[in-house]
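I opened a new notebook page for this structure. Below are my entries, in the order I looked things up.

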Amino acid sequence: DLLRDYLALGEMTTDILIERGGAINATTQPIEDFEFSPGHPYFQFLWTKYYSAIYRANVVIDKVPAINMDESRKEQIVAEARFLRALNYYLLYYRFGPVPLITTSETAVTDRPARAGKEEFFSFLETEFNEVAQILPATQEQYGRATSGAALGFLTKLYLNDKQWQNAAETASEVINSGVYDLFTEDSREKLFALENEGDNEFMFVVPYPDNPNSGSGNTYLSHAAPPGYKFKYPPKVNFAAQFKTRSEFLDLFDPEDERLNSFVFQYENLAGNMVTLGQDDVRSFKYPEDPNGVGDVSGNDYPLLRYADILLARAEALNELNGPNQESIDLINQVREAAGVQPVSVGDFSGADDLRNFIFDERGREFFTENLRRQDLIRQGTFIEKAKERGKPASDYQVLFPIPQSEIDKNPNLEQNPGY
């Protein structure tokens with residue numbers, strides 16, 4: 001399950017998420033404990049998924065130009081494929097570092113590509129996102145297709161994670177000034193992720209799960225997060241033995257009036273009709289509310305890869321790194337806070353750039369829990385390994401990257417493993 005594996009790598013390695021039940025614990029516990037090896041199945045799963053998508057994108061890029069069709073439509077289709085190829089390389093990059101760059105579908109079994117250098121890999125992503133942003137439309141009639149804003153959004157994050165603050169600030173500004181996106185404020189903040197708000201223009205790019213409950217494909221998160229005996233509103237639902245739980249220390253980051261807290265289950269009615277209060281490190285994130293038409297473990301809730309709130313906070317962070325506490329950063333942060341029903345902050349609340357940086361990272365935690373952003377945020381902040389050690393994990397500096405899957409190393413003698421593994 002893609003969502004499950006995303007969260008295992010992106011949040012169980014952080015201060016947010018733990019897992020304490022079911023057969024899945026045998027694979028998630030080594031991730032949480034920083035005892036993962038190159039043979040761990042999640043690494044192979046994601047590597048295969050990403051490269052499968054890259055191959056399909058390469059087929060489109062290679063074949064579509066020869067088709068007799070409207071030239072502008074052809075250009076857009078190729079640009080969408082280039083976007084998806086770049087996105088999958090972007091996702092590989094932040095898990096494994098630079099990987100082999102394969103840009104054609106005409107490959108042979110005997111090909112053994114080496115890993116690209118960091119400069120080459122970064123330049124490829126920068127160029128692709130930049131170029132397709134000039135071709136893709138601002139909006140698409142068909143929900144879920146790539147747009148110019150999505151390309152610029154991921155380019156913003158690319159610059160941000162590389163600490164190219166000026167480029168990050170300027171690219172975020174392009175997204176903001178496009179006028180295409182805004183924050184969801186029509187209802188309580190947690191309602192953004194309900195099915196009826198799919199397609200809201202805060203979502204810049206999502207994994208669009210089918211609303212058809214019989215599709216066999218969908219978001220399975222709630223079946224992993226529901227506490228024992230949880231009485232679902234819309235049965236029948238599968239409640240796995242898996243127990244995705246939120247660390248209490250993370251919940252301490254929230255103000256009591258924060259509407260984002262409404263996404264968490266602190267107590268619940270069980271199937272016997274009794275109220276159960278969840279204790280220390282046992283509260284559950286229900287960020288993706290129940291799908292009334294969901295079947296078994298499958299729901300139609302889309303999974304966001306990029307939201308407008310991320311762009312606002314990215315520019316706020318970049319401007320702080322460039323200038324220290326400043327009014328524009330504060331205004332951007334307050335847009336997100338006010339959407340969540342919490343009190344605004346002011347420039348005078350922060351003693352300097354370090355103080356505001358720490359606040360922005362806390363705000364990102366409050367905004368993006370259960371969205372697989374925490375690991376990369378902590379790495380950028382420089383606290384990923386330090387926080388793991390504080391939790392008693394035997395984390396080492398090299399574990400800011402995951403290991404290349406051992407099966408890929410075995411198949412390709414030119415594929416060099418990440419240091420430390």
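**Entry 1: glutamate 19**

I began with a side chain: that of glutamate 19 makes a polar contact of 3.3 Å with the side chain of threonine 28. By polar contact I mean a pair of N or O atoms within 3.5 Å; within protein, one must be able to donate a hydrogen and the other to accept it, and residues adjacent in sequence count only if both atoms are side-chain atoms.

Before going on, I noted that this is a predicted model, where local features need pLDDT of at least 70, side-chain atom pairs count only at pLDDT 80 or more, and totals for chains, interfaces and linings use all residues. Residues are numbered from 1 along each chain as its sequence is written, and side-chain values use heavy atoms, with hydrogens and water left out.

I then placed glutamate 19 in strand β1, residues 17-19. Strands (E, at least two residues) and helices (H or I, at least four) are DSSP runs, numbered from the N terminus. Is glutamate 19 buried or exposed? Its relative accessible area is 0%, so glutamate 19 is buried. Buried means under 20% relative accessible area, exposed over 50%, and partly exposed in between (1.4 Å probe, protein chains only).

A polar atom of the glutamate 19 side chain also lies 2.6 Å from the backbone nitrogen of glutamine 243. I listed what glutamate 19 touches, leaving out residues up to four places away in sequence: Met12, Ile24, Asn25, Thr28, Gln29, Glu32, Ala242, Gln243 and Phe244. Contact here means heavy atoms within 4.5 Å. I also checked glutamate 32, which is 13 residues from glutamate 19 along the chain; their C-alpha atoms are separated by 8.3 Å.

**Entry 2: lysine 287**

Next I looked up lysine 287, in the loop between β7 (284-285) and β8 (303-307). At 2% relative accessibility, lysine 287 is buried. Which side chain does lysine 287 join in a polar contact of 2.6 Å? I found that of glutamate 371. The backbone oxygen of glutamate 367 lies 2.9 Å from a polar atom of the lysine 287 side chain. Beyond four places in sequence, the contacts of lysine 287 include Phe193, Ser263 and Arg307.

**Entry 3: helices α3 and α4**

I turned to the helices. The axes of α3 (residues 41-63) and α4 (residues 71-96) come within 8 Å and cross at roughly 160°. That makes α3 roughly antiparallel to α4. For the labels, angles under 35 degrees count as roughly parallel, over 145 as roughly antiparallel, 65 to 115 as roughly perpendicular and the rest as oblique.

Among the residues making this contact are Trp47 and Ile54 of α3, with Val78 and Leu92 of α4. By class, I read 17 nonpolar, two polar and three charged residues in the contact of α3 with α4.

**Entry 4: helices α1 and α3**

Helix α1 (residues 2-10) packs against α3 at about 120°, with the axes 10 Å apart. The two are therefore oblique to each other. Leu2, Arg4, Asp5, Tyr6, Ala8 and Leu9 in α1 meet Tyr42, Phe43, Phe45, Leu46 and Tyr50 in α3. That contact has nine nonpolar, no polar and two charged residues.

**Entry 5: tyrosine 94**

Last, I found tyrosine 94 in helix α4. Tyrosine 94 is buried, at 11% relative accessible area. Phenylalanine 402 is 308 residues from tyrosine 94 in sequence, yet 8.9 Å from it in space, C-alpha to C-alpha.

Note on methods:
Axes fitted to C-alpha atoms, helices over the stretch in contact; angles between N-to-C directions. Nonpolar A, V, L, I, M, F, W, Y, C, P; charged D, E, K, R; others polar.
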